[in-house]
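Hi,

Here is the model I promised to pass on.

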Amino acid sequence: MVGTGSTHLSFLSPPLPYYVECGQATYMPGEQHPDRKQIGFFDLILVDCGKLYIGENGRQWEVSPGQALILRPDGSHYAVQACEATTRFYWLHFQAAGEWEEVEARPASLPVQARERRAAPYRIVLPKYASLPSPELACDLIRRLMELSTVLRSVAFWEEQQLFADLLKWVEDAERDSPAQRLAERTEAYIKRHFQSDLSNRKLAEALHFHPNYITRCMQEVYRCTPMEYLHQYRLDQAKLLLIKTEWPIARIAEHVGFHHTPYFSSCFRKKEGLSPLQFRKQYAK
């Protein structure tokens with residue numbers, strides 16, 4: 001009971017597809033995905049454990065852990081069968097104001113002649129059904145989007161759209177995997193899991209079993225930054241969320257995200273954001 005063919009959803013951008021909402025759901029054995037028609041937005045489903053059995057317009061898929069499926073806004077979606085085991089999955093709704101289509105073969109991201117024009121459009125090509133190379137990172141992006149659902153929309157909007165853009169890139173890259181990208185993704189995942197501890201290039205090398213220079217080269221190729229630069233930025237991003245969502249003292253936030261010295265944290269924060277942590281909190285938190 002697997003999807004027929006390897007179709008793709010092709011979006012001509014700009015305008016970019018935009019994020020609407022996301023969440024997590026769990027079905028117990030015997031439960032199943034609801035039947036729906038013309039829901040009006042794309043529904044991206046990413047299974048974390050168990051298996052979903054879903055059909056759309058006469059096609060059927062078994063969506064297993066680490067796999068993603070995108071359902072159309074104008075389609076008829078239905079359960080093919082009930083879940084056989086406890087099934088947990090993330091869902092994300094997004095919309096496209098611009099041109100899009102579903103195609104059998106993967107089109108080029110951009111026509112050759114358009115690459116020479118600075119203002120040329122870009123074609124986002126998403127596999128309708130795919131196994132993600134690092135599904136834990138995609139799950140992490142959706143969890144971060146879920147956390148932002150409690151933050152004021154005026155504050156969270158740009159961060160939500162950036163996280164969503166990162167997720168789209170992740171899905172788009174599912175069919176363009178490379179050794180450098182796989183290692184960069186593993187490095188990113190490790191940094192996100194251990195950002196509160198004392199990380200170094202040497203510790204990353206020991207954990208990932210690659211030479212630190214090779215890890216750095218892969219990170220620069222994929223993310224345009226070194227592992228330590230990525231770690232530094234991720235810590236500051238986590239600090240921003242805590243400043244908005246909690247009333248913790250600055251010293252506690254600094255320690256929580258991996259900075260041992262509060263003055264150094266404040267200096268780094270001001271250099272990046274143009275505001276001190278307290279000024280940032282007063283400006284964005286209510």
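**Notes on the model**

Let me start with the surface: the protein chain has an accessible surface of about 14,500 Å², and 52% of that belongs to carbon and sulfur atoms. These areas come from the Shrake-Rupley method with a 1.4 Å probe, and for residues only the protein chains shown count as cover.

Before going further, please keep in mind that this is a predicted model, in which local features need pLDDT of at least 70 and side-chain atom pairs count only at pLDDT 80 or more, while totals for chains, interfaces and linings use all residues. Residues are numbered from 1 along each chain as its sequence is written, and side-chain values use heavy atoms, with hydrogens and water left out.

Now the overall picture. Along the principal axes, the C-alpha atoms fill a box of roughly 60 × 45 × 40 Å. The radius of gyration of the protein chain is 21 Å, which agrees with the value near 19 Å that a compact globule of 286 residues would have. That radius is taken over C-alpha atoms, and the globule rule is 2.2 Å times the number of residues to the power 0.38.

Of the 286 residues, 50% count as buried (buried is under 20% relative accessible area, exposed over 50%, partly exposed in between, with a 1.4 Å probe and protein chains only). Among contacts with a separation of 6 or more, 73% come from residues 24 or more positions apart; a contact means heavy atoms within 4.5 Å.

What about the interior? The largest nonpolar core has 69 residues, and those with the most contacts inside it are Phe11, Leu46, Leu92, Phe94, Leu126 and Phe265. The largest share of this core, 9 residues, comes from α6. Apart from it lies another core, of 13 residues, among them Val47, Ile54, Leu71 and Phe89. A core here is a set of buried Ala, Val, Leu, Ile, Met, Phe, Trp, Tyr and Cys residues joined through side-chain atoms within 4.5 Å. Beyond its neighbours within four places in sequence, Phe11 has contacts that include Phe42, Phe94, Trp100, Tyr122 and Leu126.

Leu141 may also be worth a click. Leu141 sits in helix α1 (residues 135-147) and is buried, because its relative accessible area is 4%. Not counting residues up to four places away in sequence, Leu141 touches Leu163, Asp166, Leu167 and Lys192.

Then there are some backbone details to check on screen:

- The peptide bond from Ser13 to Pro14 is cis, with omega near 5°, and another cis bond joins Pro14 and Pro15, with omega about 0°.
- Pro14 lies in the loop between β1 (8-13) and β2 (18-27), and Pro15 is found in the loop between β1 and β2.
- His209, a residue other than glycine, has a positive phi near 65°. His209 belongs to the loop between α4 (201-208) and α5 (212-223) and counts as exposed because its relative accessibility is 66%.
- Arg224 is not a glycine, yet has a positive phi of about 60°. Arg224 is in the loop between α5 and α6 (227-245) and is exposed, with a relative accessible area of 66%.

Best wishes

How values were computed
Helices (H or I, at least four residues) and strands (E, at least two) are DSSP runs, numbered from the N terminus.
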